Every structure is written in C-alpha cells, then in structure tokens.
Amino acid sequence: MINALSLLSQAATASDSGSFEPPTINEFYPEVIAFAGTPFELNRIMLIRLLVTSLLILLFWLWSSKFKKSYKNNTLVPSRFQLMGEISLNFVRKSIAHDQLGEKDGERFLPLLTTMFFIVLGMNITGIIPGLNIAGTSVIGLPLVLAVAAYVTFIYAGVKKHGGHFFTSALFPAGVPKAFYILVTPIEFLSTFILRPVTLALRLMMNMIAGHLLLVLCFSATQFFLFNAEGFFKVFGAGTFVFGFVFTLFEMLVAFLQAYVFTLLTTVYIQLALADEH
Amino acid sequence: MISRIIAPAAEAAHNPLLPAPADLTWSAVVFVILLAFFWFRVLPNFKKTLDQRTEAIEGRLEAAEKAQAEAAAKTANIEAAQAAARAEASQIREEARAEAAAIGAEIKEAARLDAERYTAAAKSQIEAETQAALVALRAEVGSLAIDLASSVVGESLKNDKLAANVVDSFLSELETKKK
C-alpha cells in the first residue's frame, strides 16, 4: 500500500503524464454555469442545492398533503407512506427537540430544527449520489448560514427569557471567585459567542470536504491503477475500489450523523440559553 | 505522504473558509425557502394530524371505559334482579306451601267435624227411633198381651193398675233375657 501511495505521489508530483490528478480544493469551485459575476452565480454545487431543495419540497409537500387529507377525513390509521413522513418528522420532534427542550420549548423551536436537520441531511447525502457526487454542504456558505441561524436563535432564546441577564450570566458564571473573571470571562466569551457558530459551520463543511476528497482519491486512484499502472500494480485498483466502496457507506453514515450533530448541538445551545443557571 | 498528495490544494487560489457571494446568496435562499415551507406548511399539518389522532385515541379509550363501566353496572343490575326474583319465588313457594298445608288442615278438620256431626246425628236418630219403636212396641205388645191374657184369665185381671205392673215386669224380664 505504501508503495502504491508513493507511486501515486510520484505521479502527482510528476504531473506531466496527466494520468493521475489528485483531488484539490478546486473540486469545490466548479466552473460557473450561469449569471457569472452576479451574486446569483450558478455552478454545479449551487444547482445541486436547488435540486435538493426542490426534492425536499416535493417529498414534504406530498407528506404534508397526506397529513392534511388524513386530518380532513379523520383517518386515524396512517398509510405506509404517511407513516414514513411521521417517523422522519418525529425523529427531530421527539428525539431532538422534546428530549432536550421539553414539549413546550421544543415546539417553539421545532420549525428551525426540522429545517436544519433536513437541509443538512439532504445536502450531505448528495455527496454519494451517483451523478451528483458532491455534498451541497461542502462549500462554506450553507453551513455558515445555518450556523448563523443557530447563533441568532440561541441568543434570541436567551434574551427573550432572561433579558440582558442572559449575557451577564453567560460571561460571568455564578460561583466563580471575582478575581477569576479576568480569565474566565474571555474564555466564556470566546467559547459561547465565537466558537459555537464557527465550530458548527466548520465541523459540517470539513466533514463533507474530507469525505468528498477521500472518495475522489479512492476512485481516481482506482481509475489510475486499472488503466495507467503496469502489470502488478493493477491489483491495487481492486484495493482502492474496495476502500472507495467502504467509504461510500461510511459517508452515508456521516451524512446522517452530521445532520444529527448539527441539529442536536443547536438544540443544546438553545437549551443552555433557556436554562436558569449556566 | 498524504500531505504531498493534498499539497497542491494549499496552493489553490480558493480559501474554503471564505464564502463567495453567490454561495451565500443561494444558501440563504435555500434556507429561507425551506424554513418557511416547514414552518407554515409541513409542521402545522403534521401537528394537526398528530393532535387529532391523540384526541381520538384518548376519546376512544374513554368511551371504552365508559362502556365497560356501563356493562358492569348492567350485569350487576341483572344479577341483583335475578337474586330478588329468586328470593321472591322461594318466598311465594314457601307461602303457597304454608297456605296449602293450612287449607288441607282446615278441610280435614271440617271433614272430621262433618263426619262427627253426621255420626252424632245418625246415632241420636237411631236411638230416638229405637226408643220410639220400643215404646210403640211396648204399648202394642202390652195391649196385645193383656188382650191375650184377659181373654185367657178373664175378668180377674181387668184391674188396670195390677195389669200394668204385670206387663212391665214381664217386659223387663224379656229385656234382661234378651241381653
């Protein structure tokens, strides 16, 4: 394997053969397709985002019509399709919102949490869908927008409940000797008001970037070994293909996990902001 | 080695941490559209359906409980009515038996009294008739005997008082003999 990698890196550094091109960050900046130079520039990833948005709207429109119909006809037993929608929505509602925030506050923040979860999940999963092959969340914009939404929401929740006291109790935690505030307050400020949104956005984006690069690396290496390497080295193609396959499955897990983590952390931040002592 | 592979990435013009304007625009558009969609369309319908179901389930459970309670009450009523009917029946039977016994005793008593009365009446009638027969017989036999005797002994026995005595003593003698 080491040999294979060195062969790859040689190929990469040589680069004159053009047979093996390792993935670069430019993967995430595909060429502009339309509206070049305007703030509405469209490239492949933006198109994928719009496609995912349409698919999410289509799917949830169907589910929501089912709910509406079932409400109107007073049918109490859901169909299989309707039940799938209920399970999906209830995952966010029960396992995330109600568990962390309780029923009352859980319902208050449910729209944001539901939107967040399904956007992240939908955009992540495109990373392993053949033909799309890149996650909509792998460029900083969307993770950033979502993190800012989380940031604004947890500050709103805290201020709505505690007023200005929210900031003082966040920056000057109770039970700490006054002298330590010189040390504690900057740390608290940094961790609560700076690092929270930054880590939210970066965790998601970096996971998606790393996942995509890994997959590209595995499959382009497979291509290289099978068609450009000589003799014995062709066998490595099978190895890298298996790696690619396993990482595809792994990315499926990561896609779900990152959606879950992003939503759960947002919920926890809201919960901490609502808590009486923090 | 990995760093050597990824190395060209660092040289790239793009910094992945800095959002491009279009990136932010489309992200915001996507987020706002989906937030509004979930907020105002999906979740209200979803909640309505769930609430309706919860209500219906609770209502049905309540109705079932009520029906069960009603059925239990009805069963208890029926059992009580049955017990009462049974008690009444046995009472009626008891009364009837007692009445029947009383009537039977009464009838028996009446019959006995009747029988006694009839017996007594018959006895007294027989006695009276016997007495009458005896008296008549006595008178007739006396006169017949006297006639006979007078015709046999003649005029000497025409004294009445003496004749009567003779006849009486004779008859008493007869009676004692008969006995």
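The expected span of a helix is 1.5 Å times one less than its number of residues. The legends below apply to a predicted model.

**Figure 1. Helix H2 of chain A, from end to end.** Helix H2 of chain A runs over residues 44–72, which makes 29 residues. At 1.5 Å a residue, H2(A) should therefore span 42 Å. Its end C-alpha atoms lie 41 Å apart, in agreement with that value. After H2(A) comes A:Asn74, which has a positive phi, near 55°.

**Figure 2. The contact between chain A and chain B.** On one side are 43 residues of chain A, and they are in contact with 36 residues of chain B. Four helices of chain A each supply at least two residues of the side that touches chain B: H1 (2–14), H2, H3 (80–125) and H4 (141–162). H2(A) provides the largest share of this side, 11 residues. Sorted by class, the side of chain A that touches chain B holds 29 nonpolar, 11 polar and three charged residues.

**Figure 3. The largest nonpolar core.** This core has 76 residues. Those with the most contacts inside it are A:Leu113, A:Met116, A:Phe117, A:Ile119, A:Val120, A:Leu146 and A:Ile270. H3(A) gives the most, with 17 residues. Leaving aside residues up to four places away in sequence, A:Ile270 touches A:Leu101, A:Phe109, A:Thr153, A:Phe154 and A:Ala157.

**Figure 4. Helices H6 and H7 of chain A.** Two packed helices are described by the angle between their axes and the distance between the axes. The axes of H6(A) and H7(A) come within 8 Å, and they cross at roughly 170°. Angles over 145 degrees count as roughly antiparallel, so H6(A) and H7(A) are roughly antiparallel to each other. By class, the contact of H6(A) with H7(A) has 17 nonpolar, eight polar and three charged residues.

Figure 5. A residue is buried if 20 or more other C-beta atoms lie within 10 Å of its own. A:Cys218 has 20 such atoms within 10 Å and is therefore buried. Not counting residues up to four places away in sequence, A:Cys218 touches A:Thr240, A:Phe243, A:Gly244 and A:Phe247. A:Ile140 is 78 residues from A:Cys218 in sequence, and their C-alpha atoms are 24 Å apart in space.

Methods: Residues numbered from 1 in each chain as written. Chains lettered and ligands numbered in written order. Predicted model: local features only at pLDDT ≥ 70, side-chain atom pairs only at ≥ 80, totals over all residues. Contact = placed C-beta atoms within 7 Å. Nonpolar A, V, L, I, M, F, W, Y, C, P; charged D, E, K, R; others polar. Core = buried A, V, L, I, M, F, W, Y, C linked by C-beta atoms within 7 Å. Buried ≥ 20, exposed ≤ 12 C-beta atoms within 10 Å, placed from the backbone. Axes fitted to C-alpha atoms, helices over the stretch in contact; angles between N-to-C directions. Parallel < 35°, antiparallel > 145°, perpendicular 65-115°, else oblique.
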